[in-house]
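Hi,

Here is the structure I said I'd pass on. Have a look at it first, and then read on for what I found.

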Amino acid sequence: MKTPTTQSIFEYIRNIAGTLNQPTYLIGGYVRDLVMKNPSEDIDIVTVGDGLALAAAVAKQLGKRAKVSYFKNFGTAQIKYDAGDGRSWEIEFVGARKESYQRDSRKPIVENGTLEDDQHRRDFTINTLAISLNKNDFGAFIDPFGGLADIKKGVIRTPLDPHITFSDDPLRMLRAIRFAGRFNFTIDAVTWKGLVENAERIKIISQERVAEELNKMLLTEKPSSSFELLRNSGLLKLILPEFCALQGVTNIEGKQHKDNFSHSLEVLDNLSQRSDDLWLRWAALLHDVGKAPTKRFDPETGWTFHGHEVVGARMVNQIFTRLRLPQNEKNRYVHKLVLLHLRPIALVEEVVTDSAIRRLLFDAGDDIEDLMLLAEADITSKNRRKVEQYLQNFALVRQKLQEVEEKDRLRNWQPPITGEIIMEIFGLQQGREVGVIKNAIREAILDCVINNDYDEAYRFMLKKAEEMGMKSKDAGQTH
């Protein structure tokens, strides 16, 4: 069988739907992206009839490269089709339906419906667009709510009364903001009013779904747009109050601090121009989250945020736990970058010593490049000359990092004397003395007191043990 194009797949669906006597339409995001000339491989098909039967027949026609999955509880089926030439599609089939909701749940009561019913239940006019896949009017646009006009105007608008749309499914409020941020659209005034007035309804949405939307916002080209809308709508204080607490400037005796909310979003946008890594973007968003609880005013020095990196790193763990974000290396990665984000800046403000570089390499490990990206994004001064000076200094730090790394290989480094060696030499069990000696060796190497060399470390170990009143099992023998 000849590998089908997207167009011929739609023709297969047209022919099979005709055989089954089921009116069928291309609908939703794929149509929206087609109009906006955005590439998309996710295709949604709605049919007035049995969606699972239509999916089975289409999969059979597409052959071995098509893998179909059935989700009978939801009345949907999905075909994953690999064309074998780098192209792939995900095609989802569902029977047209109408929905109704109960006040305390976003899970709808579903009934079979018409195409019009299905378009009514959708979130925004730009997602109600449909294209006929029927023989009599194949390719015809169906636009009952003015979705095409809203795309041209750059507007997010609900097809029904926004109070109904957002009250029925409050997750749509986050989707409205995400789409506005992603497409650089504005939210229609009536829709915005309904969103703001229903903000409290977000509390019935699971934390996992909230986190999913936040992740998608973070991955947009300019994430700050979405987070400013979240703040202005009142949603941010409900889903991410720790970050919301950063907003505002306090002035006492003519001394004020910067708006850490705006600064954090500027850092996020800066970093987003250089990296599309989701978890690095989370680190940028939360890098100063500890400043709200650590803010203090000193009449002599003004505003201080001492220890905000330590407090912020702990807050990362709390936020990830609450939002059901990954409790694994992703959490540890963001925690580490927030904890260390001041270190490169401290280096450029002081003499760049081998010892400081060694410690930074040791603590950052393989994440040193991401830490440097975050530190460079953290330069948000309006003073162009100051920014250029910082970037020059960071270039010097990068050069020094490379030199020390090539010489000492300190990424993910472990001291040459292990705890097992210490226990063997001194006849010890695992305990405090072993830890003290091992840490002393590590600190001596990092401080350039001794080289990263087994023999030097061994001699240092014996000297440290002697200071502690300890002798090796082979005391008196020469190593």
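Thr24 has a relative accessibility of 0%, so it counts as buried in this predicted model. You'll find Thr24 in strand 1, which covers residues 24–27. Its side chain reaches the backbone oxygen of Gln22, at 2.8 Å. Setting aside residues up to four places away in sequence, Thr24 touches Ile13, Ala17, Ile45, Val46, Thr47, Leu54, Ser132, Leu133 and Asn134.

The rest of strand 1 is worth a look while you're there. In a regular strand the side chains alternate between the two faces of the sheet. Here, Thr24 and Leu26 point one way, Tyr25 and Ile27 point the other way, and all of them are buried.

So which strands pair with strand 1? One is strand 2 (residues 42–47), which runs antiparallel to strand 1 and is joined to it by four bridges. Another is strand 8 (residues 130–132), also antiparallel, with three bridges to strand 1. Tyr25 is a handy landmark for both pairings: it stands opposite Val46 in strand 2 and opposite Ser132 in strand 8.

Zooming out, these strands belong to an open sheet of seven strands with mixed pairing, in the order 3-4-5-2-1-8-9. Strand 3 (66–71) and strand 9 (141–142) are at the edges, and each has a single partner strand, so one side of each has no neighbour in the sheet.

Next, Thr125. This residue sits in the loop between helix 4 (115–120) and strand 8. Is Thr125 buried or exposed? Thr125 counts as buried, because its relative accessibility is 0%. Its side chain makes a polar contact with the side chain of Asp150, at 2.6 Å. If you leave out neighbours within four places in sequence, Thr125 is in contact with Phe145, Gly147, Asp150, Arg157, Thr158 and Pro159.

I also looked at Cys244, which lies in helix 12 (residues 241–244). At 10% relative accessibility, Cys244 counts as buried, since the cut-off for that is under 20%. Not counting residues up to four places away in sequence, Cys244 touches Leu236, Lys237 and Phe261.

Rolling a probe the size of a water molecule over the atoms shows where empty space is left. The second largest pocket holds about 560 Å³ of space. It is lined by 20 residues, and the closest to its centre are Lys258, His263, Ile345, Asp378 and Thr380. Helix 13 (260–272), helix 18 (343–349) and helix 21 (384–408) are the elements that give two or more residues to this lining. What is the make-up of the lining residues, in terms of nonpolar, polar and charged? They divide into nine charged, six polar and five nonpolar.

Cheers

Conventions. Residues are numbered from 1 along each chain as its sequence is written. This is a predicted model: local features need pLDDT of at least 70, side-chain atom pairs count only at pLDDT 80 or more; totals for chains, interfaces and linings use all residues. Side-chain values use heavy atoms; hydrogens and water are left out. Buried means under 20% relative accessible area, exposed over 50%, partly exposed in between (1.4 Å probe, protein chains only). A polar contact is a pair of N or O atoms within 3.5 Å; within protein, one must be able to donate a hydrogen and the other to accept it, and residues adjacent in sequence count only if both atoms are side-chain atoms. Contact means heavy atoms within 4.5 Å. On a 1 Å grid over the protein atoms alone, a cavity is a set of points where a 1.4 Å probe fits but cannot get out, and a pocket is an open set with protein on both sides within 12 Å along at least five of seven lines; lining residues have an atom within 4 Å of a point. Grid points are joined across faces, edges and corners, and a volume is the space filled by probe spheres set on the points. Ala, Val, Leu, Ile, Met, Phe, Trp, Tyr, Cys and Pro count as nonpolar, Asp, Glu, Lys and Arg as charged, and the others, Gly among them, as polar. Two strands pair if DSSP finds at least two bridges between them.
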